[in-house]
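Welcome! Take a moment to look at the protein below, and then let us walk through it together.

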Amino acid sequence: MAKFIVKFDSDFHATADSMEAEITNQGCSIDRTLAFQNTYIVDTGELADPASAISAMAGVEASEDAGKVVSAEMQAYTTTHLDMLYEMYAGSAVPAAQYTGAGQEVYLIDTGVQKTHTEFTGATVTDLYSNFNGDFADNAGHGTAVASLIVGQNIGSAPGATLHNVKLFDTNSGDITVGEIVDALDAVLADHNLSASKAKVVCMPWVIPQND
């Protein structure tokens with residue numbers, strides 16, 4: 001049994017019914033419809049050659065094995081972000097009263113956030129999605145550190161913004177599947193779509209091998 005992320009070309013399939021029929025015609029089933037346009041998680045069931053079934057689907061623009069494992073590593077962080085902001089204002093202090101991030105939203109896809117940390121007293125941090133059965137706590141420290149650079153009440157560059165906690169990792173390095181990454185991004189997109197006309201920020205301070 002295998003699952004694939006499949007995106008169809010809308011120029012080839014005009015309706016969702018057409019795309020979904022293409023999936024079932026190849027002996028596969030729809031595990032989930034993603035928030036990404038024309039994109040599905042497809043379950044190939046007990047097919048002997050799952051990859052061939054996916055490639056045989058007409059109008060497939062892109063596909064990826066959802067169970068493919070990649071190695072991820074958290075990027076280093078510093079507090080030089082405030083110095084950079086100061087430099088933007090010719091060395092003067094950032095006019096904090098004017099630029100607080102109030103009313104803005106940021107999604108942080110990381111190791112979770114320790115919301116009880118004193119740096120977040122007065123900050124707005126909400127739990128949106130976790131890859132670990134509802135566990136949003138930060139057992140690694142990286143997510144908390146990055147969150148403090150965003151909405152920290154002392155060192156945050158946008159202390160008035162709302163930070164959405166998206167816990168994708170539980171350690172500072174290790175393996176993760178492509179499907180798990182897409183699940184987290186799908187949760188972000190679904191939430192964004194609730195107010196799609198408003199621009200938002202997604203912060204992903206980690207690296208994985210390039211996916212062409």
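Predicted model: local features only at pLDDT ≥ 70, side-chain atom pairs only at ≥ 80, totals over all residues.

Residues are numbered from 1 along each chain as its sequence is written, and side-chain values use heavy atoms, with hydrogens and water left out. Helices (H or I, at least four residues) and strands (E, at least two) are DSSP runs, numbered from the N terminus.

**An open sheet**

- Four strands form an open sheet in the order β2-β3-β1-β4, and their pairing is antiparallel; two strands pair if DSSP finds at least two bridges between them.
- Which strands stand at the edges? They are β2 (29-33) and β4, each with a single partner strand, so one side of each has no neighbour in the sheet.
- On average, neighbouring strands here are turned by 30° against each other, direction ignored. Axes are lines fitted to C-alpha atoms, for helices over the stretch in contact, and angles run from 0 to 180 degrees between N-to-C directions.
- β2 and β3 (residues 39-43) run antiparallel and are joined by four bridges, and Ile30 stands opposite Val42 in β3.

**Helices across the strands**

- Helix α1 (residues 16-25) lies across β1 (3-8), β2 and β3, running at about 20° to β3. Contact means heavy atoms within 4.5 Å.
- Helix α5 (residues 178-192) lies across β1, β2 and β4, and it runs at about 50° to β1.
- From its first C-alpha to its last, the 15 residues of α5 reach 21 Å, close to the 21 Å expected at 1.5 Å a residue; the expected span is 1.5 Å times one less than the number of residues.
- The buried residues of α5 include Val178, Ile181, Ala184 and Val188. Buried means under 20% relative accessible area, exposed over 50%, and partly exposed in between (1.4 Å probe, protein chains only).

**Strand β6**

- Is β6 mostly covered or uncovered? It is mostly covered, as six of its six residues are buried.
- In a regular strand the side chains alternate between the two faces of the sheet.
- Glu105, Tyr107 and Ile109 point one way from β6, while Val106, Leu108 and Asp110 point the other way.
- β6 runs parallel to β8 (residues 162-167), with six bridges joining them, and Val106 stands opposite Leu163 in β8.
- β6 also pairs with β10 (residues 201-203) in the parallel sense, over three bridges; here Leu108 stands opposite Cys203.

**Nonpolar cores**

- A nonpolar core is a set of buried Ala, Val, Leu, Ile, Met, Phe, Trp, Tyr and Cys residues joined through side-chain atoms within 4.5 Å.
- The largest one has 21 residues, and those with the most contacts inside it are Ile5, Leu168, Phe169, Ile176 and Trp206.
- Which element gives the most to this core? Helix α5 does, with six residues.
- Trp206 touches residues including Glu73, Ile109, Leu168, Phe169 and Ile181, not counting residues up to four places away in sequence.
- A second, separate core of 13 residues includes Val106, Leu108, Ala123 and Val125.

- Gly67 lies in the loop between β4 (60-65) and β5 (69-74), and is partly exposed, with a relative accessible area of 43%.
- Not counting residues up to four places away in sequence, Gly67 touches Lys3 and Thr177. Gly67 and Thr177 are 110 residues apart along the chain, yet their C-alpha atoms are separated by 5.3 Å.
- Ser130 lies in strand β7 (residues 124-130) and counts as buried, at 12% relative accessibility.
- The side chain of Ser130 reaches the backbone oxygen of Asp135 at 2.6 Å, and one of its polar atoms lies 3.0 Å from the backbone nitrogen of Phe132. A polar contact is a pair of N or O atoms within 3.5 Å; within protein, one must be able to donate a hydrogen and the other to accept it, and residues adjacent in sequence count only if both atoms are side-chain atoms.
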